[in-house]
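Let's take a walk through this fold, from its strands to its pockets. Have the sequence and the model open side by side as you read.

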Amino acid sequence: ANLTKPIETMVDKVDLIARGQYGLTLPPLKQVEFEELANSINQMSKSLKDSFTTILNDKMYREQIVNSLPIGIITINDELSELKINRAAADILQYNEDRISKFMNEQIHDENEQFWNIITLDSNFHHRKITYKTAKENKVLLVSQTGMHDHQCQIIGRMINFVDMTETEELEKRMYQSEKLAIVGEIAAGAAH
């Protein structure tokens, strides 16, 4: 019992560590023979916790960067059958990740059919101007799609990004109207002269 009880305790703790309870430590053992093993397990558990914390912080930082961008981003990982969107994509399209995933997998016949059809294409394209209608307004989106690569440069899916160009489009229309009015004014001034 003096030999098996500490081993059972160690095995139980190592199982908990293996299941994700990183940082869990073994209590001091009475047997000197197990002291070095217990110290190694405790050091391993601490290292796993530190590594996990670093990875988690790095993941959260990258997500914050992507969610801070004013560009809508949809990523589709074919290997994992996973679709992810950033905050801008949800704001621009007025849908959450589940709803967008549903639209991507169905044949859509609504006022935004052109948008959903183009982003379900497997081919790359850049800067296509598409009208997208929400409940509040009509938006003009500049949409691009490219392959998504893994760390070995193998294509594992695709990434769609889009920018809301509605304000820019309206400014261009106003500038065009102003130019037309200026030309009409010049013609009128010339005729009056």
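How many bridges join β1 to strand β2? There are 4 of them, and β1 and β2 (residues 82–85) run antiparallel.

## Before we start

What you're looking at is a predicted model, where local features need pLDDT of at least 70, side-chain atom pairs count only at pLDDT 80 or more, and totals for chains, interfaces and linings use all residues. Residues are numbered from 1 along each chain as its sequence is written, and side-chain values use heavy atoms, with hydrogens and water left out.

Helices (H or I, at least four residues) and strands (E, at least two) are DSSP runs, numbered from the N terminus. Two strands pair if DSSP finds at least two bridges between them.

## The turn at Ser 81

The hairpin of β1 and β2 has 4 residues between the strands. Ser 81 is in that loop, and its phi is near 50°, a positive value in a residue other than glycine. Is Ser 81 buried or exposed? Ser 81 counts as exposed because its relative accessibility is 70%.

## Strands β3 and β4

Further along, strand β3 (residues 125–133) and strand β4 (residues 138–149) run antiparallel and are joined by 7 bridges. A hairpin links β3 to β4 through 4 residues, and Thr 131 stands opposite Val 140 in β4.

There's a positive phi here too: His 127, which lies in β3, has a phi of about 55° although it is not a glycine. His 127 is exposed, since its relative accessible area is 57%.

## A buried lysine

Lys 139 is in strand β4, and with a relative accessible area of 6% it is buried. So what does Lys 139 touch? Not counting residues up to four places away in sequence, Lys 139 touches Asp 91, Ile 92, Ile 130, Thr 131, Tyr 132, Thr 134, Asp 164 and Thr 166 (contact means heavy atoms within 4.5 Å).

Take Ile 92 from that list. Lys 139 and Ile 92 are 47 residues apart in sequence and 8.5 Å apart in space, C-alpha to C-alpha. A polar atom of the Lys 139 side chain lies 3.1 Å from the backbone oxygen of Ile 92.

## Asn 42 in helix α2

Helix α2 spans residues 35–68 and includes Asn 42. Asn 42 counts as buried because its relative accessibility is 17%. Leaving aside neighbours within four places in sequence, Asn 42 is in contact with Leu 24, Thr 25 and Leu 26. A polar atom of the Asn 42 side chain lies 2.5 Å from the backbone nitrogen of Leu 26.

## Two pockets

Rolling a probe the size of a water molecule over the atoms shows where empty space is left. On a 1 Å grid over the protein atoms alone, a pocket is an open set of points where a 1.4 Å probe fits, with protein on both sides within 12 Å along at least five of seven lines, and lining residues have an atom within 4 Å of a point. Grid points are joined across faces, edges and corners, and a volume is the space filled by probe spheres set on the points.

The largest pocket has a volume of about 450 Å³. α2 gives the most to its lining, with 7 residues, while α2, β1 and β2 each supply at least two. Among the lining residues are Asp 58, Arg 62, Ile 73, Thr 75 and Lys 84.

The second largest pocket holds about 170 Å³ of space. Here α4 gives the most to the lining, with 3 residues. Ser 81 turns up again in this lining, which also includes Ile 76, Asn 77, Met 104 and Arg 158.

How values were computed. Buried means under 20% relative accessible area, exposed over 50%, partly exposed in between (1.4 Å probe, protein chains only). A polar contact is a pair of N or O atoms within 3.5 Å; within protein, one must be able to donate a hydrogen and the other to accept it, and residues adjacent in sequence count only if both atoms are side-chain atoms.
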